[in-house]
Amino acid sequence: MKFGETFMEYLHGEQESFLDKFSHVEYKRLKKVLKRCRTCCRSLHGSCGADVQEDENSDSPSQLCHYYESCPLCDKMFFSELMKEASDIAGCFSSGVRHLLQLHIATGMQRYVLLFRQCFKTDKQTIAEEGRMLIDYVTMNAIAIRKILKKYDKVHSSVNGSDFKRKMQAEHIELLQSPWLIELAAFYLNFNESDEDSCEISCQFSCDLRTNEPVMTLNLPDSISMKMEYNLTCSICLDILFNPHALSCGHLFCKSCACSAASVMIFQGLKSASPDSKCPICREAGVYSNAVEMLELGLLLKRRCRDYWKERLIAERAKMLKQSKDYWDSQTKYVTGY
């Protein structure tokens, strides 16, 4: 079955009521744009002679489109619409994951309400099912975007589709690179450890911390034959992430390492970083103010690496205590003058 048919079957399948609340890629309509573009280009270049006619009748897309690798029709409609759709999908996915994690990791009164709700078996099943639908939602739309961009490059014999992928990464809307997908994967692995019934759902994910480069793996559906790997090493301390935080650019760091890179103290937090502070990897400025604490990922690593986590916790507390003491000593000297 072609992916277009698989995608349409997904949109109108058992998850249709769930998908009504979310945006999705207009895959069929974008394919029609490309088809119309190919037809227009053929008629436009029909007077170019027999050589062009031979190219059009050939099976090679690169020969067919050699004469029109730049297309005002597609460039105006195709990429602007696809960018809007990708942005909407990224927003829907992140808000969906936030809502799901609030149900799983709660504090204060919310925690007591959650504990009461967990008395009913259907509650865990509902959370697991909602998470599964979010995973299907983001993977199917991400694959649809990749497929349609590949088709664009094939029709136009260009690299504009590949350039658009890089633009999506720069805009932080590359769906399969979202920190929220990593957080959702950690949620499922944590959920599986506490509930044996969820084993079938979480088999899409695996986490190997015993190698030199600890990674989390997402296995995409069999029809795609593709997997994504996410490195769980902090790029600053070169160790397994401890108290992980994701900057708004998508890169993950230990909280203490990110604070050090932003020239702020641990107890002050990343929110107090200067707007001019840059990500140590991509050098983008202003990425600390909206940093997100990866609670599920931290819980997963804490469970899998107990001794390491305990050692890092002791070291970080000692460092934070020293920073606090030095800070308040300096403030006292500033106020009193000695």
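Reader: What stands opposite Leu252 in β5?

Author: Ala246 has that place, facing Leu252 of β5. Bear in mind as we talk that this is a predicted model.

Reader: How do you know that β4 and β5 pair?

Author: Two strands pair if at least two bridges are found between them. Strand β4, residues 244-246, and β5 have three bridges, in the antiparallel sense, so by that cut-off of at least two they count as paired.

Reader: Which sheet has β4 in it, and in what order do its strands come?

Author: The order is β5-β4-β6, in an open sheet of three strands with antiparallel pairing.

Reader: What makes β5 and β6 edge strands?

Author: β5 (252-254) and β6 (292-293) each have a single partner strand, so one side of each has no neighbour in the sheet.

Reader: Let's turn to Ser158. Where is Ser158 placed?

Author: You will find Ser158 in the loop between α8 (121-156) and α9 (160-170).

Reader: Why is Ser158 called buried?

Author: Buried means under 20% relative accessible area. Ser158 has 14% relative accessibility, so Ser158 counts as buried.

Reader: What makes the pair Ser158 and Asn160 a polar contact?

Author: A polar atom of the Ser158 side chain lies 3.4 Å from the backbone nitrogen of Asn160. The cut-off for a polar contact is within 3.5 Å, and the 3.4 Å of this pair meets that distance.

Reader: And the whole chain: how many helices and strands are there, and what share of the residues is buried?

Author: The chain has 14 helices and six strands. Of its 338 residues, 45% count as buried.

Note on methods: Residues numbered from 1 in each chain as written. Predicted model: local features only at pLDDT ≥ 70, side-chain atom pairs only at ≥ 80, totals over all residues. Heavy atoms only, no water. Helix = DSSP H or I, 4+ residues; strand = E, 2+ residues; numbered from the N terminus. Buried < 20%, exposed > 50% of the residue type's maximum accessible area, 1.4 Å probe, protein only. Polar contact = N/O pair within 3.5 Å; in protein donor to acceptor, adjacent residues only side chain to side chain.
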